[in-house]
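Here are some short notes for a first look at this entry. Please read them with the structure open.

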Amino acid sequence: MNDRISQLLKRAPGPAPVVAEGWVRTKRESKTVCFLELNDGSCLKGLQVVVDLETFADAAVLGRITTGAAVACTGELTASPGGNQDVELKASSITLHGEAPADTYPLQKKRHSLEYLREIAHLRARTNTMGAVARVRHAVSYAVHSYFNEKGFYYVHTPIISTSDAEGAGEMFQVTTFDLDNIPRSEEGTIDYAQDFFGRKASLTVSGQLEGETYALALKNIYTFGPTFRAENSNTKRHLSEFWMIEPEMSFCTLEGDMAIAEEFLKYVFSYVLEHCAEDMAFFSQWVEKGVAETLRTVVEKPFVHMTYTDAIVELEKNNDKFDFPVKWGSDLQTEHERYLTEQVCKGPVIVTDYPKEIKAFYMKLNEDGKTVRAMDVLVPRLGEIIGGSERESRLEVLTERMTSLGLDPADYWWYLDLRRYGSVPHAGFGLGFDRAIQYITGMQNIRDVIPYPRAAKQADF
Ligand code: 4AD
Ligand code: MG
């Protein structure tokens, strides 16, 4: 394999021939010389290829090279007289692998809107913005595994197809092989799931947490990192129907340990990206969200603010006249409230704890007040919630009662309840929305532009 462009750009000039492969971003021509800017996705910057028209043998091939063409250029790396780069490639021969006819190629040199790029998602990775997003997504994934590996957490593969609703919120996509025009029914007219593929009603998972907990109660510290699916019909800039989630789960751990890990983990990932994706972060800071790299750096240095839900409501009530949805104790927090707390009140990430039990999932540990649960959400500017977590209810009776009062059948969760029957222990965990984390890091406005192929209500193209 030949060197990537990122590697070539770091090499010293020299006579040994090198091959640069990539897609042409721009082509400029004068009477005597032709410049190609070549990009192969390994970095933001392109390699300048210089063709001396007076000596270059294959003039015909040059005529067919336009923006978007795939080429391999062979030649010598020379010191570049231009200020933009240290080296450039003086081409002695060029192989044109694939043309990109200018009259139809949808990605011309001009700046395209992100909305337009979403319509050509199969080509948008060739743009500066989407290339940078792809590289940051990669780096963040790597940092996630690296953090947990260093901390001795085991990566557990929880199932994608599930028969339990991990959040108890009924927002699941059903998985079935039934002929939808002819669904088997019982004599009473209800759907006969016994005849379906899995012999029971099955869905795509909304979270790997419950299965993750079973491994945490054996391996102590584990994490999951996989796709999750939610059939919530929220058409917003921060919701997807298919998104990736990272869910650590720790045994012998309470809410305090959970919050400490969440903060340390986020800071580790942010630092990793600042260090390893400096060029891309500078790009986002300049073109996407002014100063986003600097903001991240400050976040890494400062301790997160902590606040109870009850205190948060006191702060929010002061501003109730400005919200679309005024709040009082018991209200679920909407994005506008979360943003106000983190942007106006705390001026940085804030961990809100001890929410009313009515607005949180069944598995969260009930506080002694009987009204709130040991929940914690990490809120950040621009987005609101990026992490949701809690200490888990480890007492069998309390958990069973909570489920029943929420209309969940404990029998459906028999195996989950077994964890409280046998060797139960205080344990806690959280879920980081991976795509929201990428949005926060890059400053990208819309979550649909940080995942290659976004799935949302009425959107599943490609
Ligand atoms: O707060 P959530 O629903 O928590 C859970 O799923 C728990 N089982 C996590 C745990 O304790 N193990 O989701 C966790 C995070 C949210 O904070 C948010 O960042 C992200 O997942 N998220 C979404 N991201 C994109 N699109 C959606 N529709 C999302 N729903 C949640
Ligand atoms: Mg949540």
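1. Start with β15, which gives the most to the shell around ligand 1: five residues. This strand spans 384–391. Keep in mind that the model is predicted.

2. Other strands take part too. β11 (242–251) and β16 (427–433) each supply at least two residues of the shell, as does β15.

3. Which residues come nearest to ligand 1? They are Glu-167, Gln-209, Arg-230, Glu-247 and Glu-385, out of 24 residues around the ligand. By type, the shell divides into eight nonpolar, eight polar and eight charged residues.

4. Now the contacts. A side-chain N or O atom of Gln-209 is 2.7 Å from a nitrogen atom of ligand 1. The backbone contributes as well: a polar backbone atom of Ile-386 is 2.8 Å from an oxygen atom of the ligand. At Gly-433, a backbone N or O atom lies 3.3 Å from a ligand oxygen atom. On its own, ligand 1 has 630 Å² of accessible area, and the protein covers 93% of that.

5. Where does ligand 1 sit? The space taken by the ligand is the second largest pocket.

6. One residue deserves a separate look. Gly-370 lies in the loop between β13 (350–356) and β14 (372–380). Is Gly-370 buried, partly exposed or exposed? Its relative accessibility is 23%, so Gly-370 counts as partly exposed; buried would need under 20%.

Notes
Residues are numbered from 1 along each chain as its sequence is written. Chains are lettered from A and ligands numbered from 1 in the order in which they are written. This is a predicted model: local features need pLDDT of at least 70, side-chain atom pairs count only at pLDDT 80 or more; totals for chains, interfaces and linings use all residues. Side-chain values use heavy atoms; hydrogens and water are left out. A residue is near a molecule or strand if one of its heavy atoms lies within 4 Å of it. A polar contact is a pair of N or O atoms within 3.5 Å; within protein, one must be able to donate a hydrogen and the other to accept it, and residues adjacent in sequence count only if both atoms are side-chain atoms. Accessible areas come from the Shrake-Rupley method with a 1.4 Å probe; for residues, only the protein chains shown count as cover. On a 1 Å grid over the protein atoms alone, a cavity is a set of points where a 1.4 Å probe fits but cannot get out, and a pocket is an open set with protein on both sides within 12 Å along at least five of seven lines; lining residues have an atom within 4 Å of a point. A molecule sits in a cavity or pocket if more than half of its atoms lie within 2 Å of its grid points. Helices (H or I, at least four residues) and strands (E, at least two) are DSSP runs, numbered from the N terminus. Ala, Val, Leu, Ile, Met, Phe, Trp, Tyr, Cys and Pro count as nonpolar, Asp, Glu, Lys and Arg as charged, and the others, Gly among them, as polar. Buried means under 20% relative accessible area, exposed over 50%, partly exposed in between (1.4 Å probe, protein chains only).
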